[in-house]
Amino acid sequence: FGRAGRPQYDSSGEAILITNHAAMTRYLDKLVRAVPIESTFVKQLPDHLNAEIVGGTVTNIQEASTWLGYTYLYVRMLKNPLA
């Protein structure tokens, strides 16, 4: 599941999962165990940051830091920096 919406305004979100019956137990297990979902964004970070630079959204290190602060990777790095 991803977190769509406006986390700065909304304290919760909803998700709808559509899957086949064979895969249902896999997803139910993830919901019941409530293991934190780690971000894999760091693998694509250079590409995404470069796109922000080319698009003019990020023009210096401070803006890059601010931009990174809006990501789920940042949230997970604060809670589990070694993951």
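Reader: In which helix is Leu78 found?

Author: This is a predicted model, in which local features need pLDDT of at least 70, side-chain atom pairs count only at pLDDT 80 or more, and totals for chains, interfaces and linings use all residues. Residues are numbered from 1 along each chain as its sequence is written, and side-chain values use heavy atoms, with hydrogens and water left out. Helices (H or I, at least four residues) and strands (E, at least two) are DSSP runs, numbered from the N terminus. Leu78 is found in the helix of residues 72–79, H4.

Reader: Is Leu78 buried or exposed?

Author: Buried means under 20% relative accessible area, exposed over 50%, and partly exposed in between (1.4 Å probe, protein chains only). The relative accessible area of Leu78 is 59%. Because 59% is over 50%, Leu78 is exposed.

Reader: How far apart are the closest N and O atoms of Asp29 and Arg33?

Author: Asp29 and Arg33 are 4 residues apart in helix H1 (residues 21–33), so about one helical turn separates them. Asp29 is partly exposed, with a relative accessible area of 37%. In the salt bridge that Asp29 forms with Arg33, the closest N and O atoms are separated by 3.3 Å.

Reader: With which residue does Glu38 form a salt bridge?

Author: Glu38 is partly exposed, its relative accessible area being 30%. The closest N and O atoms of this salt bridge are 2.8 Å apart. Glu38 lies in the loop between H1 and helix H2 (45–54) and its partner in helix H4, so the pair ties together parts that are 38 residues apart in sequence. The partner is buried, with a relative accessible area of 10%, and is Arg76.

Reader: Which residues make up the largest nonpolar core?

Author: A nonpolar core is a set of buried Ala, Val, Leu, Ile, Met, Phe, Trp, Tyr and Cys residues joined through side-chain atoms within 4.5 Å. Buried residues make up 11% of the 83 residues in the chain. The largest nonpolar core has 5 residues in all: Phe41, Val58, Ala64, Trp67 and Leu73.

Reader: Which residues is Trp67 in contact with, leaving aside its neighbours within four places in sequence?

Author: Contact means heavy atoms within 4.5 Å. Among contacts in the chain between residues at least 6 apart in sequence, 42% join residues at least 24 apart. With its neighbours within four places left aside, Trp67 is in contact with Phe41, Leu45, His48, Leu49, Glu52 and Val58.

Reader: What is the radius of gyration of the chain?

Author: The chain has 4 helices and 0 strands, and its C-alpha atoms fill a box of roughly 50 × 25 × 25 Å along the principal axes. The radius of gyration is taken over C-alpha atoms, and the globule rule is 2.2 Å times the number of residues to the power 0.38. For 83 residues that rule gives 12 Å; the value for the chain is well over this, so the chain is more spread out than a compact globule, with a radius of gyration of 16 Å.

Reader: How far apart in space are Lys30 and Gly56, C-alpha to C-alpha?

Author: Lys30 lies in helix H1 and is partly exposed, with a relative accessible area of 45%. In sequence, Lys30 and Gly56 are 26 residues apart. Their C-alpha atoms are separated by 39 Å.

Definitions and conventions:
A salt bridge is a side-chain nitrogen of Lys or Arg within 4 Å of a carboxyl oxygen of Asp or Glu.
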